[in-house]
Amino acid sequence: MEMEQEKMTMNKELSSDAAAYCCSACHGDETWSYNHPIRGRAKSRSLSASPALGSTKEFRRTRSLHGPCPVTTFGPKACVLQNPQTIMHIQDPASQRLTWNKSPKSVLVIKKMRDASLLQPFKELCTYLMEENNMIVYVEKKVLEDPAIASDESFGAVKKKFCTFREDYDDISNQIDFIICLGGDGTLLYASSLFQGSVPPVMAFHLGSLGFLTPFSFENFQSQVTQVIEGNAAVVLRSRLKVRVVKELRGKKTAVHNGLGENGSRAAGLDMDVGKQAMQYQVLNEVVIDRGPSSYLSNVDVYLDGHLITTVQGDGVIVSTPTGSTAYAAAAGASMIHPNVPAIMITPICPHSLSFRPIVVPAGVELKIMLSPEARNTAWVSFDGRKRQEIRHGDSISITTSCYPLPSICVRDPVSDWFESLAQCLHWNVRKKQAHFEEEEEEG
């Protein structure tokens, strides 16, 4: 009885303290009560992924996947020095719901190229969007140049209503409300590359080879598209990497078309005073630095926030997002990270070392990769498998987390979809069940 009374007294004290406690580290973003944390901002913000008021209770967890906001006072006199610049505010993934400030009117449909099996789904989807939902549909110009589409007379009326664009020449970033991908993971990566700033919500249908990032099935696309248009969907914010490549100019003139630099990079700039060329990319999966066609080891220095942390001697190094941790990095022996975890993964490719393990660093750090002075050869870099280019002595690659994530629409929720993809696409932890012991027969 005395123990129960003490517990009741402690609970009352905890209740009064917790009700008055406000997390100063989050600058008022989270106020804690005894029953559950009440999240909210003083000012409303227009976000692509914000809690839907009508469905918050249904999807709210009793505990955040990122853990509670830590108490920053230690004992009677010690505390953490408050930083006035908040780097990141992490929202509970379960409360990330899609909402629209205005009804969506335009949609970008991206189809996997050179795949005849996608022509019929593409036609059905575009017809449904235009005739049933009165949407403005954007497609890439080369899609309509496909002979199977160009020669289809029954599709002619719909084809005339398309708005077309050309990659690296036309900027459609401010004209698209959401994106629908028909294909595999490569189609989603291509969609990401088209938007070097804010990315519209992406709905990806699994019509390709692997489909780890494409959770939707096309069989009942009408009802699923309708739910997205109505704002009834969960989203996972897939962080991207902001990559800046600085190269020394070596007497080669670089052609610039429509504000686009070498290899079609969106944000290119020339600094003639110091003789360097800067290019910027947004990367969803990974940045890969490798030895290219050379037979020598790749030899690159890796800096973290200005400090040299290691020199990679091997076939190369992969710098990936949590989304990219299930791609090339997983094949190179890295761990798989849920896309809601704010982190950057560094994975060596066939390192000539028995102790070089993949590591995970905080999302806010800045990595810088350069050729080592002792390097016998150049290196090559690619961004989500594209824009491959050579890196020479004096060139540098700066990598950090971008402030423009890719909002990927979920079938159910971020956690369920991720584990479903692990099981269905990668066959994670598939093993024949161990047989149980049979009960021993009683003797006699």
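The model you are looking at is predicted: local features need pLDDT of at least 70, side-chain atom pairs count only at pLDDT 80 or more, and totals for chains, interfaces and linings use all residues. Residues are numbered from 1 along each chain as its sequence is written, and side-chain values use heavy atoms, with hydrogens and water left out.

## The chain as a whole

Let's begin with the overall picture. The protein chain has 10 helices and 24 strands. Helices (H or I, at least four residues) and strands (E, at least two) are DSSP runs, numbered from the N terminus.

How much of the chain counts as buried? Of its 444 residues, 44% do. Buried means under 20% relative accessible area, exposed means over 50%, and partly exposed lies in between (1.4 Å probe, protein chains only).

Next come contacts, meaning heavy atoms within 4.5 Å. Among contacts between residues at least 6 apart in sequence, 71% join residues at least 24 apart.

## A covered helix

Helix H7 (residues 185–193) is mostly covered, with 8 of its 9 residues buried. Among them are Asp185, Leu188, Leu189 and Tyr190.

Not counting residues up to four places away in sequence, Leu210 touches Asp185 and Cys425. Leu210 sits in the loop between E9 and helix H8 (221–229). Its C-alpha atom is separated by 8.7 Å from that of Leu426, although the two residues are 216 apart along the chain.

## An enclosed space

Now for the gaps inside. On a 1 Å grid over the protein atoms alone, a cavity is a set of points where a 1.4 Å probe fits but cannot get out, and lining residues have an atom within 4 Å of a point. Grid points are joined across faces, edges and corners, and a volume is the space filled by probe spheres set on the points. By this rule there are 3 cavities of 30 Å³ or more.

The second largest cavity holds about 110 Å³ of space. It is lined by 13 residues, and the closest to its centre are Phe212, Pro215, Arg238, Asp417 and Trp418. Strand E10 (235–238), strand E24 (406–409) and helix H10 (414–424) are the elements that give two or more residues to this lining. H10 gives the most, with 4 residues.

By class, the lining has 9 nonpolar, 2 polar and 2 charged residues. Here Ala, Val, Leu, Ile, Met, Phe, Trp, Tyr, Cys and Pro count as nonpolar, Asp, Glu, Lys and Arg as charged, and the others, Gly among them, as polar.

| Residue | Relative accessible area | Class |
|---|---|---|
| Cys126 | 0% | buried |
| Lys368 | 35% | partly exposed |
| Leu210 | 40% | partly exposed |
| His427 | 52% | exposed |
| Cys403 | 64% | exposed |

Cys126 lies in helix H3 (residues 119–132). Leaving aside neighbours within four places in sequence, Cys126 is in contact with Val109, Val137, Phe155 and Phe162. A disulfide is a pair of cysteine sulfur atoms within 2.5 Å. How many disulfides does this rule give? The count comes to 0.

Lys368 is placed in strand E20 (residues 367–371). Beyond its neighbours within four places in sequence, its contacts are Asp301, Val302, Tyr303, Ser396, Ile397 and Ser398. Lys368 and Ile399 are 31 residues apart in sequence and 6.3 Å apart in space, C-alpha to C-alpha.

Finally, look at two backbone angles. Asp168, in the loop between strand E7 (163–165) and E8, has a positive phi of about 75° although it is not a glycine. His427, in the segment after H10, also has a positive phi, near 50°, and is a residue other than glycine.

Terms used: On a 1 Å grid over the protein atoms alone, a cavity is a set of points where a 1.4 Å probe fits but cannot get out, and a pocket is an open set with protein on both sides within 12 Å along at least five of seven lines; lining residues have an atom within 4 Å of a point.
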